[in-house]
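Please keep the model open while working through the numbered points.

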Amino acid sequence: MKALVTGGAGFIGSHLCDHLVAHGHSVVALDDLSTGRESNLEQLTGNPSFELVKGSILDKSLVDDVVAECDTVFHLAAAVGVHTIVDKPLESLHINLQGTENVVESAARRRARFMVASTSEVYGKNDADGLSEDADRVLGSPLKSRWSYAAAKGLDELVAYIYGEESGLPCVITRFFNIVGPRQTGRYGMVVPRFVSQAMAGEPITVYGTGDQRRCFGSVFDVVPAVVKLIDTPAAYNRAVNLGGKEEVSIRGLADRVIELTGSPSTVTYVPYEEAYGEGYEDMQRRMPDTSLAQGLIGYEPQRRLNDIIA
Ligand code: NAD
């Protein structure tokens with residue numbers, strides 16, 4: 001495959017580039033380095049199967065030029081992170097909507113296969129036990145979303161779906177649930193790298209809220225191969241597919257686990273949400289994927305446990 005990875009210098013995107021190149025594919029990464037880093041791709045520098053193009057998905061003619069070289073497009077570029085999307089809601093909405101439209105439109109016109117990274121945030125305020133793709137969620141509907149980010153991602157799903165239906169674009173929508181791994185930084189709110197950095201530095205581990213909220217962290221090393229399998233699976237086309245981990249943990253429990261595994265002297269301190277994120281911030285009490293659709297489509301079975309992910 002000759003693949004374009006938008007957001008290829010980011011956390012998940014750079015692992016996807018590694019995986020594709022390691023499996024004999026040619027890869028072009030398009031990234032504006034806003035949250036991504038060139039150093040995430042240094043292991044691929046000089047590899048004839050890899051090229052980094054620095055630029056924005058908002059640059060329509062650049063997008064079209066890079067899509068024209070490729071037969072498969074993995075669209076991961078997005079404005080992400082709680083602070084970005086809370087502080088600059090309209091700017092992030094614009095990047096996530098207009099950018100996706102640019103990429104999907106070129107992919108459809110150039111007859112490339114297309115994957116778009118969506119998010120568990122599209123399930124909105126929903127603490128159900130195992131969120132399934134069919135549960136209480138109309139594809140593309142931003143009705144129960146919090147934040148412009150979730151609304152934009154819901155609309156991205158809808159745009160991809162419409163191109164899939166109307167122009168036959170082979171298209172997969174992946175809904176990522178709290179994916180973690182090397183190269184993810186804690187600087188825009190990601191809890192696992194932040195706790196690990198605090199523990200390694202012997203600083204207090206800051207838990208936002210009561211710490212009773214529960215999450216299920218997935219490994220980037222389980223998710224990346226699944227993304228590639230899905231694009232090779234026509235039964236997955238025009239479906240939204242959850243991808244994430246299996247082991248649920250409270251954030252308080254995560255802090256304890258990080259302290260134990262790092263052997264850190266750190267203690268845990270609790271910070272009210274308002275102090276961390278500002279007035280009116282609400283968090284989901286629970287976020288747990290039902291991954292049985294992915295299991296049925298591609299035999300998805302996450303191999304990494306929480307301890308592996310933290311390690
Ligand atoms: P990331 O910030 O590391 O990656 C996003 C990348 O997009 C960065 O490299 C950034 O520089 C790039 N980018 C941003 N705006 C751009 C623009 N206008 N033009 C070109 N590049 C641009 O974050 P990530 O965690 O790797 O997320 C990758 C994708 O997965 C995103 O679409 C995100 O919404 C989605 N996602 C991630 C998670 C997770 O748990 N990490 C969960 C749900 C969804």
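This is a predicted model: local features need pLDDT of at least 70, side-chain atom pairs count only at pLDDT 80 or more; totals for chains, interfaces and linings use all residues.

1. Arginine 111 counts as exposed, because its relative accessibility is 62%. In this note, buried means under 20% relative accessible area, exposed over 50%, and partly exposed in between, with a 1.4 Å probe and protein chains only. Arginine 111 lies in the loop between α4 and β5. Its phi is near 60°, a positive value in a residue other than glycine. Most residues other than glycine have a negative phi. Helices (H or I, at least four residues) and strands (E, at least two) are DSSP runs, numbered from the N terminus.

2. Residues are numbered from 1 along each chain as its sequence is written, and side-chain values use heavy atoms, with hydrogens and water left out.

3. Asparagine 178 also has a positive phi, near 40°, in a residue other than glycine. Asparagine 178 is placed in the loop between β6 and β7 (179-180). With a relative accessible area of 27%, asparagine 178 is partly exposed.

4. What surrounds the ligand? The shell holds 28 residues, and the closest are Phe11, Asp31, Thr35, Tyr149 and Ile179. A residue is near a molecule or strand if one of its heavy atoms lies within 4 Å of it. By class, the shell has 15 nonpolar, 10 polar and three charged residues. Here Ala, Val, Leu, Ile, Met, Phe, Trp, Tyr, Cys and Pro count as nonpolar, Asp, Glu, Lys and Arg as charged, and the others, Gly among them, as polar. Helix α1 (11-22), strand β5 (113-119) and helix α5 (147-167) each supply at least two residues of the shell, and β5 gives the most, with three.

5. A backbone N or O atom of glycine 36 is 2.9 Å from an oxygen atom of the ligand. An N or O atom in the side chain of serine 56 lies 3.1 Å from a ligand nitrogen atom, and a backbone N or O atom of isoleucine 57 is 3.0 Å from a nitrogen atom of the ligand. The protein covers 95% of the 810 Å² of accessible area that the ligand has on its own. Accessible areas come from the Shrake-Rupley method with a 1.4 Å probe, and for residues only the protein chains shown count as cover.

6. Aspartate 31, one of the residues closest to the ligand, is located in strand β2. Aspartate 31 is buried, because its relative accessible area is 6%. Its side chain reaches the backbone nitrogen of leucine 33 at 2.6 Å, and a polar atom of that side chain lies 3.4 Å from the backbone nitrogen of glycine 8. A polar contact is a pair of N or O atoms within 3.5 Å; within protein, one must be able to donate a hydrogen and the other to accept it, and residues adjacent in sequence count only if both atoms are side-chain atoms.

7. Glutamine 213 is found in the loop between β8 (205-208) and β9 (214-216). With a relative accessible area of 3%, glutamine 213 is buried. The side chain of glutamine 213 reaches the backbone nitrogen of glycine 211 at 3.0 Å. It also makes a polar contact of 3.0 Å with the side chain of tyrosine 273. Tyrosine 273 lies in helix α9 (residues 273-277) and is buried, with a relative accessible area of 13%. Leaving aside neighbours within four places in sequence, tyrosine 273 is in contact (heavy atoms within 4.5 Å) with Tyr208, Gly209, Gln213, Gly278, Tyr281 and Asp283.

8. Which residues touch the most other members of the largest nonpolar core? Among its 37 residues, these are Phe74, Leu76, Phe176 and Leu243. A nonpolar core is a set of buried Ala, Val, Leu, Ile, Met, Phe, Trp, Tyr and Cys residues joined through side-chain atoms within 4.5 Å. The largest share of this core, eight residues, comes from α7. Apart from it lies another core, of 24 residues, among them Val66, Val73, Ala112 and Ala240. In soluble globular proteins, nonpolar side chains tend to be buried together.
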